[in-house]
Amino acid sequence: MSRVVITTFGSLGDLHPYLAIGLELTRRGHEAIVATAECYRDYVVSRGLGFRAVRPDCDWLNDPERLRRFMHLRFGLIRLVRELVFPVLRESYDDLLDVVDGADLLVSQAPLAARLVAEKTGIKWASTIHIPLFFFSACDQPLLPLAPLACRNLRFLGPSVWRPMFQISKRATRVIARPWYALRGELGLPRASGINCLGDSHSPTLVLALFSKLLSEKQPDWPDQSLVTGFPFYDGGRGGALPADLAGFLESGPPPIVFTLGTAVSTAAGTFFQSSAAAARRLGRRAVLVVTQPRNRPTELPDGVMAVDYAPFTELFARAAAIVHHGGIGTTGLAMRAGRPTLVVPHSWDQPDNADRVRRLGVARVLSPRQYTPDRAAHELSKLLEDESYSAHAHRVADQMRHEDGVTTACDELEKLL
């Protein structure tokens, strides 16, 4: 038995891939410890995995005002790093340093403290990226939060133009990363060789890209030690079975349109669910609203529209006519695997880039949250449902994803390190 510490940070969509990996490592006889925010303690322990708290906490995900600040389309990620991560960077380092004592392998999604711990202790270390955007590849131009429209419209310029622009951008962000460099000095570590610690803090041994090759193949400017595994899916939630009332609703009529904002964005849903119910009524379609926050539940629902606070997406998406979601990477992967056409309403962070990638696959249409009104949503959904090419592409994507096994591939590579 080997002891493996898996550290991550973010919403449930950021946690779930690492739960899947931890559970598979446990099945193979290893001890897996998930080191993440304190607010997930019960969630992780109830799944049979070890847990250790590492700061910062993620309780801000349940605060609508703070969430809106960190979800700003252009500056949300910068604010999150500057206001949440860096102020407790030393505490994060100390927490993780304590957790890895006696461990055989460190697997990290959040690389800032993890890289420092790995360098200081010499522990075997694999870094992971579960979102294509965070490779910041000039060969696979992402929609960067600071200028998503410019990135999309100027993608045709190619790597020869984007590569120097990226290098300049990375150098500019060294100002933001000063606390990280300062902590390196305090710990007696040598000067970092990477241009920018936020974008280049990869393990020198193994970098796992925990998403489908359909979203991005390995690019020439990725680290040589990178491997695209496929999505490590986890949808265990509360047992994986559909609630009885929802199962009955699905059996009582044609497939509904499913509307969801995942776990994080739903805290600041605004009028999304009211507009969704109205759009379904305009289309004369049945609908399921997955509303995780009671305050966002519409007070009145049209006939044929049901609201639930939870549903296992694997089961629900497979029985949908179409899926409307925010573009979080976890929900995006599950929608792709379900083989259903999708309307993506991206709010912030990596969501615009994820939305653009599935749009280019031909399985989705994209609508800005500011444009998400009942009439506009109904218009986009009618195009999605009436144009058979979306369904054809969605089925093709789902067929291709059946040949990917992200959990097995990732754990096989981790065991090679062990």
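Is Arg 319 buried, partly exposed or exposed? Arg 319 counts as partly exposed, because its relative accessibility is 29%, which lies between the cut-offs of under 20% for buried and over 50% for exposed. Please keep in mind that this is a predicted model. Here are some points to guide a first look.

1. Start with the partner of Arg 319. Its side chain meets that of Glu 251 in a salt bridge, at 2.7 Å from N to O. This pair links distant parts of the chain: Arg 319 sits in the loop between helix H13 (313–317) and strand E11 (322–325), while Glu 251 belongs to helix H11 (residues 244–251), 68 residues apart. Glu 251 is exposed, at a relative accessible area of 59%.

2. Glu 65 and Arg 68 join their side chains at 2.8 Å, N to O. Both residues lie in helix H3 (residues 64–70), three residues apart, or about one turn of the helix. In general, an α-helix has 3.6 residues a turn, so residues three or four places apart point the same way. Glu 65 counts as exposed, at 56% relative accessibility, and Arg 68 is partly exposed, with a relative accessible area of 44%.

3. The side chains of Glu 38 and Arg 41 form a salt bridge of 2.8 Å, N to O. Glu 38 is partly exposed at 36% relative accessibility, and Arg 41 is partly exposed at 33%. Elsewhere, a network of salt bridges links Glu 24, Arg 27, Arg 28, Asp 412 and Glu 415. The count for the model comes to 25 salt bridges.

4. Next, follow strand E2 (residues 31–36). Five of its six residues are buried, so the strand is largely enclosed by the rest of the structure. The chain reaches E2 from E1 by way of helix H1 (residues 12–27), in a right-handed β-α-β crossover. Strand E1 (residues 3–7) pairs with E2 in the parallel sense over five bridges, and Ile 6 stands opposite Val 34 of E2. E2 also pairs in the parallel sense with strand E3 (residues 50–53), over four bridges; here Thr 36 has Ala 53 as its bridge partner.

5. Strand E9 (residues 287–290) is covered on both faces, with Ala 287 and Leu 289 buried on one side and Val 288 and Val 290 buried on the other. Four bridges join E9 to strand E8 (residues 257–260), and the two run parallel. Four bridges also join E9 to strand E10 (residues 305–308), again in parallel. Val 290 is a handy landmark: it is the bridge partner of Thr 260 and stands opposite Val 308 in E10. E8, helix H12 (residues 272–283) and E9 make a right-handed β-α-β unit.

6. Helix H4 (residues 76–85) has Gly 76, Leu 80, Val 81, Leu 84 and Val 85 buried. These residues cover an arc of only 135° around the axis, which puts them on the same side of H4.

7. Finally, look at the surface. Leu 154, Phe 156, Leu 157, Val 161 and Met 165 form a nonpolar patch there, with about 430 Å² of accessible area together. Phe 156 lies in the loop between helix H7 (148–153) and helix H8 (159–172). Its relative accessible area is 65%, so Phe 156 counts as exposed.

Notes: Residues numbered from 1 in each chain as written. Predicted model: local features only at pLDDT ≥ 70, side-chain atom pairs only at ≥ 80, totals over all residues. Heavy atoms only, no water. Patch = residues over 30% accessible without salt bridge, like charges linked within 9 Å, V, L, I, M, F, W, Y side chains within 5 Å. Areas by Shrake-Rupley, 256 points an atom, 1.4 Å probe, with all protein chains shown as cover. Salt bridge = Lys/Arg side-chain N within 4 Å of Asp/Glu carboxyl O. Buried < 20%, exposed > 50% of the residue type's maximum accessible area, 1.4 Å probe, protein only. Pairing = 2+ DSSP bridges. Right-handed = clockwise from strand over helix to strand, strands pointing away. Arc of directions from axis to C-beta.
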